[in-house]
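Subject: Structure handover

Hello,

Here is the structure I promised to pass on. Please open it first, then read my notes below.

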Amino acid sequence: MALIRWEPFREMDILRRQMDQLFSDITAAERSSSDISASPRTAWVPAVELSDNGSEFLLRVEIPGVEAKDLDVQVTQDAVSITGEHRYEKHSESNTKVHSEFRYGKFTRIIPLPSKVQNQQVKADLKDGILILNLPKLEQEQNKVFKVNLGQSQSATASIEGGNGNTQPNITSQQSVQTV
């Protein structure tokens with residue numbers, strides 16, 4: 001029986017070539033797609049920014065190139081659902097693109113809200129590719145008070161007012177906490 005010498009560097013080189021071939025096949029499949037909007041790599045999800053302004057939430061959604069007619073915005077008390085489409089515009093044959101990093105296609109984004117909102121009184125504005133939603137909070141959510149017991153002793157109790165994070169120390173367990 002003949003001994004075969006083990007060559008680890010040769011095996012690593014074979015593995016490297018196989019990985020290179022794998023990545024080459026993946027990128028070739030992406031480039032061969034004739035319709036830009038049908039390519040799986042062009043799927044996108046718009047970026048969002050949610051801020052709490054005390055009595056309302058301000059939701060900003062970055063959707064450049066999407067028109068209002070291509071958007072469907074639905075608001076429940078607990079979440080905001082935004083569905084839309086960034087359409088690919090076909091140009092004449094003389095204006096061919098060599099390279100494009102724009103994202104086209106349909107998107108859906110569901111943004112859960114930290115507290116309930118008055119979904120009948122939402123105000124929306126679409127300007128310069130930014131969708132801005134003003135989401136007023138429910139009145140009961142604005143003044144919600146949480147009571148936190150830190151043990152059995154009466155002096156170790158605090159309440160936290162929802163919405164602004166202010167604390168009121170030294171409230172005993174016999175005292176009642178009322179909303180203002």
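The accessible surface of the chain comes to about 13500 Å², and carbon and sulfur atoms hold 51% of that. Areas come from the Shrake-Rupley method with a 1.4 Å probe; for residues, only the protein chains shown count as cover.

Some ground rules. This is a predicted model, where local features need pLDDT of at least 70, side-chain atom pairs count only at pLDDT 80 or more, and totals for chains, interfaces and linings use all residues. Residues are numbered from 1 along each chain as its sequence is written, and side-chain values use heavy atoms, with hydrogens and water left out.

Confidence
The mean pLDDT (the predictor's confidence in each residue, from 0 to 100) is 75 for the chain. A value of 70 or more is reached by 66% of the residues. Residues 32-42 fall below 50. That stretch still has 15 contacts (heavy atoms within 4.5 Å) beyond near neighbours in sequence. Residues 154-180 also stay under 50. There the model has 49 contacts beyond four places in sequence.

Overall layout
The chain has 2 helices and 10 strands. These are DSSP runs, numbered from the N terminus: helices are H or I with at least four residues, strands are E with at least two. The pattern along the sequence is α-β-β-β-β-β-β-β-α-β-β-β. Of the 180 residues, 22% are buried. Buried means under 20% relative accessible area, exposed over 50%, partly exposed in between (1.4 Å probe, protein chains only). Among contacts with a separation of 6 or more, 50% link residues 24 or more positions apart.

The sheet
An open sheet of 3 strands runs in the order E3-E4-E5, with antiparallel pairing. Strands count as paired if DSSP finds at least two bridges between them. Strand E3 (71-75) and strand E5 (105-112) are the edges, each pairing on one side only. On average, neighbouring strands here are turned by 10° against each other, direction ignored. The axes behind that angle are lines fitted to C-alpha atoms, for helices over the stretch in contact, and angles run from 0 to 180 degrees between N-to-C directions.

E3 pairs with strand E4 (residues 79-86) over 5 bridges. A hairpin of 3 residues joins the two. Leucine 71 has glycine 84 of E4 as its bridge partner. Aspartate 72 stands opposite threonine 83 in E4.

The core
The largest nonpolar core has 17 residues. Such a core is a set of buried Ala, Val, Leu, Ile, Met, Phe, Trp, Tyr and Cys residues joined through side-chain atoms within 4.5 Å. Leu59, Ile63, Val80, Ile82, Phe107 and Leu135 touch the most other members. Strand E2 (56-62), E3, E4, E5 and strand E7 (130-136) each supply at least two residues. Beyond four places in sequence, leucine 59 has contacts that include Val48, Val80, Ile111 and Leu135.

One more residue
Is lysine 127 buried or exposed? Lysine 127 is exposed, at 54% relative accessible area. This lysine 127 lies in strand E6 (residues 123-127). Its C-alpha atom is 9.7 Å from that of alanine 68, 59 residues away along the chain.

Best wishes
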